[in-house]
Amino acid sequence: MSDKKREPLFHISKRTEIAWHKALLIRVAAIALALLVSAIICLVLTNTNPVSIYTTIIKGTFGTMRKTWVTFRDVAMLLCISLAVTPAFKMRFWNVGGEGQTLMGCLAAASCMILLRDVVPAWAIIPIMVLSSVAAGAIWGGIPAIFKAKWNTNETLFTLMMNYVATQLVAYFCIFWESPKGSGKIGIINQKTQFGWLPKIANQQYLLNILIVAGLVLLMFLYLYYTKHGYEISVVGESQRTARYVGIKVEWVIVRTMLISGGLCGLAGFLLTAGSDHTLTTTLVDGRGFTAVMVSWLAKFNPFTMILTSFLLVFLDRGAGEVSSKFGLNHSFSDIITGVILFFIIGCEFFINYKINFRKHTVKEEKLRV
């Protein structure tokens, strides 16, 4: 009897489904644990009241009307890039080149603002900028897609390397168009004439950006869940062999989806340049292309859920910066708090998708043990 293999203490199995209220309870418990652990870290490392830190995070995000609008602007821009990379990720095409594709959209928009300011009338520049930015992003996304479709190259490495190429292109043109000469920066483009700037709505500079991204959320949801293209993306993502069996042209779907993904990243670049920052720098996208991967994954590729995940990440980022400045703490400390909270939020997805089954001791086993 003693030679028989004993069952492990526990084993992990994938859940077939989970009730929505249980999933919600797991997420709430994860956030509560994250706040508790963060509070302990605050007390141990800084001897600072955790309640004061959490209050400062909220004030750093919504403390004034301007801070509130800037928060919504940042949410909109992160959400736009997240929507852009989602079709590719749902197709299991690991597009980590959102940063470069968005930068190329920024470069195209800035080029139009600088080169066409004395050539075309003001009413024509915005449509030209939109088309140029979308085209630039689509080209930057289409190149790795073609190589993937034709020669099965590694899309992760390819799109990642394209980010560095885009960054260097932007760096070159920042020097080429520097103003004033020798500064190495472009500065605010067309600050006096505001040529190529998106118009204000209700006297709010960022409202048009927010409304455009809100429309994109609805359009992306309909595209992914209620169109033939969305169905093909899902099938290709599940199994390329199955997709080919049912007559889907996998290579074309890959290229088409990445053209759309890159084009939307280019549109995000246009909104950054024409709608909010009105300049061009290598750090203009500010890592949103990589953060968008987390937003899309946490939302399970649902455009409406991405609104919440985008808000959460922006809320933590802006609040952490406020904590550093108010309490005179190293910015790394605020990054620690943000990392702890994200760790618990991401980790809770494991318990939503999988369950832990512990070994059940039978009466016979107990007797043998005695």
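**A tour of the rings**

Select Lys 14 and Tyr 354: the charged end of Lys 14 sits over the Tyr 354 ring, 5.0 Å from its centre. A charge counts as over a ring if NZ of Lys or CZ of Arg is within 6 Å of the ring centre and within 35 degrees of the ring normal. This is a predicted model, in which local features need pLDDT of at least 70, side-chain atom pairs count only at pLDDT 80 or more, and totals for chains, interfaces and linings use all residues. Residues are numbered from 1 along each chain as its sequence is written, and side-chain values use heavy atoms, with hydrogens and water left out.

Next, go to Lys 90. It lies over the face of Tyr 225, 4.2 Å from the ring centre.

Now the ring pairs. The structure holds 17 aromatic pairs. Rings of Phe, Tyr and Trp (its six-membered ring) pair if their centres lie within 6.5 Å; planes under 30 degrees apart are stacked, over 60 edge-to-face, the rest tilted.

Select Phe 147 and Phe 158. This pair is tilted, 5.1 Å centre to centre with 55° between the planes. Phe 147 is in helix 5 (residues 122–151) and Phe 158 in helix 6 (residues 155–176), 11 residues apart. Helices are DSSP runs (H or I, at least four residues), numbered from the N terminus.

Phe 350 is partly exposed at 32% relative accessible area; Tyr 354 is partly exposed at 31%. Partly exposed lies between buried (under 20%) and exposed (over 50%), with a 1.4 Å probe and protein chains only.

Finish at Phe 62, Phe 72, Phe 311 and Phe 315, which ring pairs link into a cluster.

Definitions and conventions
Helices (H or I, at least four residues) and strands (E, at least two) are DSSP runs, numbered from the N terminus.
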